[in-house]
Amino acid sequence: MTEYSTVFQRFTSLIRRLRPFTNRFPSPGMDTIFSDEIFLRIFRYLPGLDSFRGFYNLNSRLNRIIGEFYVGFGSVLTEDQQRFILPYINPKRIRSFCVCKSRYEYLRLNQCINIRQLKFSSSDSTHDIYTHIEPQLIQVQPKNFPHLMHLTIYLHSVTDEYYELFCMIFGNAFPTLKYVHLPFASGYYISGIKTWSTSLKYVRIECCNKQMFYPLLDNLPNLITFHCSFGTNNSGSLNNRTLPLENFYLETYDRSSVHYRGVKMELQELIGVYECLPNLLRTIIFIYSESSLDSIMDRFNSVLTHCPRLNTFECFIECNTVMESEETANEIKKRYPLFRDSYVFACKTQKGYLRGIKM
């Protein structure tokens with residue numbers, strides 16, 4: 001409400017300033033009084049979609065002026081947006097769009113050549129990674145979206161279209177793409193990537209097999225943030241010993257499953273990754289181990305000491321081993337300067353949570 005009050009006050013102030021100018025005209029009609037530049041200035045105080053709600057279809061001149069604005073649909077469209085706004089917008093003026101086939105279908109998506117942000121969503125809770133297929137995924141090609149910077153795909157099944165898009169994303173086909181969020185990645189796709197992307201800086205993969213995990217880190221030279229959940233328990237190692245990563249988030253794919261303990265990264269393997277992250281500033285880790293809590297925290301301390309620039313960390317620890325004489329997480333952390341000033345939550349010795357700022 002405050003935001004719109006401010007806009008209204010600015011609009012009223014502008015009208016007062018223009019009143020001496022408007023008295024020179026015999027016709028009091030706003031359409032004949034104001035120049036295009038004045039309308040453009042007025043509409044800049046309003047969110048793009050509100051300009052369509054309030055002024056579109058009043059007359060052909062306003063339609064033309066409003067049609068020059070770029071608009072964005074960053075989330076699932078409402079029914080009003082679907083019926084009264086989207087059909088009247090020039091596709092070339094859309095900067096962001098959310099595809100959701102369970103709610104609506106936009107047949108002019110491939111004409112939105114100025115899109116910067118594209119999201120494929122699903123509001124249907126019955127959809128899962130094994131069954132959901134988005135027909136318009138085939139439209140995501142460099143020729144259709146030459147300015148694409150941000151791509152999010154929440155759900156999708158294994159299809160040829162997904163494979164081809166994955167290879168284009170990481171194969172440097174989208175020269176401006178910086179952020180990508182994908183449902184899964186398989187080492188099977190590596191053979192389709194000849195030249196790796198130099199533009200990608202932020203990558204999130206909900207279920208990343210280790211056959212793809214290490215190649216991604218090794219071959220994306222400008223990657224700043226990487227967030228992944230493991231989908232297999234294969235081992236591996238890094239060839240690149242100095243990665244540019246500043247933010248690193250690591251977890252298992254499905255922690256709600258009784259089988260998730262088979263999908264993990266051993267602590268020694270984890271140390272091997274962090275040894276290659278001299279630029280790391282922030283990290284979040286989920287650790288599941290058969291070892292005791294004090295052993296896990298000792299190894300975790302060894303992991304983070306390899307990162308000289310680290311200033312913020314969170315670690316979620318879960319272990320199976322319980323000993324009656326074992327120290328609590330709060331007692332253990334006092335032995336390590338890294339953890340001494342961090343916040344710790346522990347339930348007996350089963351679970352520990354570390355969060356802190358490295359001093």
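Tutor: Start with Glu 275, which makes a salt bridge to Arg 241; the closest N and O atoms are 3.7 Å apart. Bear in mind that this is a predicted model.

Student: Where in the chain do Glu 275 and Arg 241 sit?
Tutor: They link distant parts of the chain, 34 residues apart. Glu 275 lies in the loop between helix H9 (267-274) and strand E9 (282-289), and Arg 241 in the loop between strand E7 (225-230) and strand E8 (247-252).

Student: What is the relative accessible area of Glu 275? And of Arg 241?
Tutor: Glu 275 has 38%, so it is classed as partly exposed. Arg 241 has 44% and is also partly exposed.

Student: How many salt bridges does the structure hold?
Tutor: Two. Besides the Glu 275 pair, Arg 204 bridges to Glu 206, with the closest N and O atoms 2.8 Å apart.

Student: And how accessible are Arg 204 and Glu 206?
Tutor: Arg 204 has a relative accessible area of 28%, which makes it partly exposed. Glu 206 is at 23%. Buried would need under 20%, so Glu 206 counts as partly exposed.

Student: Now the core. How many residues are in the largest nonpolar core?
Tutor: It has 83 residues. Those with the most contacts inside that core are Phe 97, Leu 118, Phe 170 and Phe 213.

Student: What does Phe 97 touch?
Tutor: Leaving out residues up to four places away in sequence, Phe 97 touches Phe 73, Leu 77, Leu 86, Tyr 104, Tyr 106, Leu 109, Ile 115, Gln 117, Leu 118 and Lys 119.

Definitions and conventions:
Residues are numbered from 1 along each chain as its sequence is written. This is a predicted model: local features need pLDDT of at least 70, side-chain atom pairs count only at pLDDT 80 or more; totals for chains, interfaces and linings use all residues. Side-chain values use heavy atoms; hydrogens and water are left out. A nonpolar core is a set of buried Ala, Val, Leu, Ile, Met, Phe, Trp, Tyr and Cys residues joined through side-chain atoms within 4.5 Å. Buried means under 20% relative accessible area, exposed over 50%, partly exposed in between (1.4 Å probe, protein chains only). Contact means heavy atoms within 4.5 Å. A salt bridge is a side-chain nitrogen of Lys or Arg within 4 Å of a carboxyl oxygen of Asp or Glu. Helices (H or I, at least four residues) and strands (E, at least two) are DSSP runs, numbered from the N terminus.
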